[in-house]
Amino acid sequence: MPRTTDGKLDYERIIETPEFKHLIKKKNRFLTPYVIAFFAIYLMLPILTGYTSILETRAVGWMTWTWLYAFGLFVMVWVFTQIYVKKARDFDKDVDQIIKKHVRD
């Protein structure tokens, strides 16, 4: 149904469907807490190292808490990525359903 004259999908019509708008809200509701957490945790490193001495104490051997915090940021990004990849599969299924419903050959 929503195709342009050259046979390509008419994305402007698809994004106006209620199903697509619901998918965007669902995706934003999922992503927002992770984005907020990421930036809060990420920005705490320069704040804690620049304005306090909390992370300067030794944690393990010669390593200070700053090193562990920084390493933890890499772990956090990996974990968040894995969570998103798993959830993205559900989003992809929803997109396929929207296309099947609104696009007819």
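Strands are DSSP runs of E, at least two residues long, numbered from the N terminus. In this predicted model, strand β2 covers residues 63-64. T64 belongs to that strand. Its relative accessible area is 17%, and the cut-off for burial is under 20%, so T64 counts as buried. Beyond its neighbours within four places in sequence, T64 contacts L55, E56, T57, R58 and A59.

Helix α3 spans residues 65-102. Its length was checked against its residue count. At 1.5 Å a residue, the 38 residues of α3 should span 56 Å. The C-alpha atoms at the ends of α3 lie 54 Å apart, which agrees with that expectation. Buried positions in α3 are L73, M76, A88, F91, D94, I98 and H102. The cover over these buried residues includes α1 (11-14) and α2 (18-51).

Nonpolar packing was examined next. In soluble globular proteins, nonpolar side chains tend to be buried together. The largest nonpolar core here has 6 residues: I14, L23, F30, F91, I98 and V103. Helices α2 and α3 are the elements that each give two or more residues to this core.

F30, a member of the largest core, touches I83, Y84, K87 and F91 when residues up to four places away in sequence are not counted. F91 is a member of that core too and is one of the buried residues of α3.

Key: Residues numbered from 1 in each chain as written. Predicted model: local features only at pLDDT ≥ 70, side-chain atom pairs only at ≥ 80, totals over all residues. Heavy atoms only, no water. Helix = DSSP H or I, 4+ residues; strand = E, 2+ residues; numbered from the N terminus. Buried < 20%, exposed > 50% of the residue type's maximum accessible area, 1.4 Å probe, protein only. Contact = heavy atoms within 4.5 Å. Expected span 1.5 Å × (residues − 1). Core = buried A, V, L, I, M, F, W, Y, C linked by side-chain atoms within 4.5 Å.
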